[in-house]
Amino acid sequence: MANTILVGAQWGDKGKGKIIDVLTEEADVVVRTQGGNNAGHTVHIEGKKYILHLVPSGILRPKKVCVIGNGVVVDPVSLVEEMQGLQKLGIKFNDNLFLSETAHLVFPYHRELDAQRESLKGKNKIGTTKRGIGPAYGDKAARTGLRVIDLIQADRFRKQLEFKIRENNEILKAFGAKPLSFKEVHESYRRAGDYLKPFVANTVILLHEAVRRGDDVLFEGAQGTFLDIDHGTYPFVTSSNTTAGGACTGSGIPPHRMDRVVGVMKAYTTRVGEGPLPTENDEIADMLHAMGREFGATTGRPRRCGWFDSVATRHACMVNGIDELAVTNLDGLDSVETIKVCIGYRDASKKYDYVPNDLEAFSRCKPVYAEFPGWRTPTDRARQWKDLPAKARAYLKAIAELTGAKLSIASVGPGREQTIFP
Ligand code: IMP
């Protein structure tokens, strides 16, 4: 399998957890390189449902080494809760999880500031997950953040936290919010620090040793291309590089050690949170929600839904260098009579075959559609390419061609077995 970067080719992709799980089978090491517990990857195995936020999905398979890399922002209390929840489901942590010493920490004041800033923005809010991700990356960039290596050194951590709580309480007071108790935060973070200490490592060295040994490493991206801080629909983005480059900076593995980039996308488009979504369509949203699909794994919010946008996805292929596509949720379109695919945008008399950077122009864009006949047959029992209806195969081939990458996986349901390798 070699070293593979897996990225979301749209806004945040349900089904990514499942594809990661499928690709993990061939990997020796699985690394998370950006984002935090804003991510939610759902994996279904033998009737059990696992929702992962910070722990790499590789943990669900025996003998895989999982790494939370330096580029991730970690809420240690919620990481401990997640690990304990997984333990209850029978997952064992023994020499299979490593947490980077230099990953930055998320604190309650980050969460509170996230919420306060959102409410101040009113209708212009980003629609964040309110997990404190933006403020935590903000501290990292401002060089005022605390890291995992600080958390596990009791004296140093106490002093640093005292200062941070004092500083942030002033800001919270200015917002009219309740100040935090140093004692409470300190106690819960020290407890989490003690629990996590055995897992803390120099993950850059560990990963380079793995690469030198010839281990296959899977870089598990969180969120999607259009939520990237540089390449997304700014400011309606998350605060990290969700595109392929983030896998390098967030792990310390250089670009020329990467062998391939796999892009995950749905057979349609979804987005949680605010910001432009040109192909948004209420009918398809109602249909998918009525099927019990498309509710955010982290916040439970209904996702906004629309037709497949080949212009946006082609852009994603370009900035990520996507070689192979994994198309998920094909079965979500099983009952649709005529399927639309966006092949361009129109803003008054102006036509675009790319994603405009001017967010106001992008928000005005109306999609230009091509139409494909639906197959109107259940596909969830298909296990091989030939089991798919001819119209479904034609649709998959067409969207791969429009986006300019090779179709390598199609998924027709949440189970591991519902995966087709064309
Ligand atoms: P934040 O990452 O919580 O700051 O949220 C910023 C934007 O990214 C919002 O639109 C969120 O809904 C979105 N977002 C963050 N994480 C995910 C994810 O894992 N999947 C989908 N959308 C996400």
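Me: A cavity is a set of points, on a 1 Å grid over the protein atoms alone, where a 1.4 Å probe fits but cannot get out. How many cavities of 30 Å³ or more does this rule give?

Reply: The rule gives 1 cavity of 30 Å³ or more. The model is predicted: local features need pLDDT of at least 70 and side-chain atom pairs pLDDT 80 or more, while totals for chains, interfaces and linings use all residues. Residues are numbered from 1 along each chain as its sequence is written, and side-chain values use heavy atoms, without hydrogens and water.

Me: How much space lies in the largest cavity, and which elements each supply at least two residues of its lining?

Reply: A volume is the space filled by probe spheres set on the points, joined across faces, edges and corners; here it is about 40 Å³. Lining residues have an atom within 4 Å of a point. Strand S1 (4-8), strand S10 (217-220) and helix H9 (245-249) each supply at least two, and S1 gives the largest share, 3 residues. The lining includes Ile 5, Leu 6, Val 7, Phe 219 and Glu 220.

Me: Which residues come nearest to the ligand?

Reply: Of the 15 residues around the ligand (a heavy atom within 4 Å), Asn 38, Thr 129, Thr 238, Val 272 and Arg 301 come nearest.

Me: Which polar side-chain atom lies 2.6 Å from a ligand oxygen?

Reply: A polar contact is a pair of N or O atoms within 3.5 Å. The side-chain atom belongs to Thr 129; backbone N or O atoms of Val 272, at 3.1 Å, and Gly 127, at 3.3 Å, also face ligand oxygen atoms. Taken alone, the ligand exposes 470 Å² (Shrake-Rupley method, 1.4 Å probe), of which the protein buries 93%.

Definitions and conventions
A polar contact is a pair of N or O atoms within 3.5 Å; within protein, one must be able to donate a hydrogen and the other to accept it, and residues adjacent in sequence count only if both atoms are side-chain atoms. On a 1 Å grid over the protein atoms alone, a cavity is a set of points where a 1.4 Å probe fits but cannot get out, and a pocket is an open set with protein on both sides within 12 Å along at least five of seven lines; lining residues have an atom within 4 Å of a point. Helices (H or I, at least four residues) and strands (E, at least two) are DSSP runs, numbered from the N terminus.
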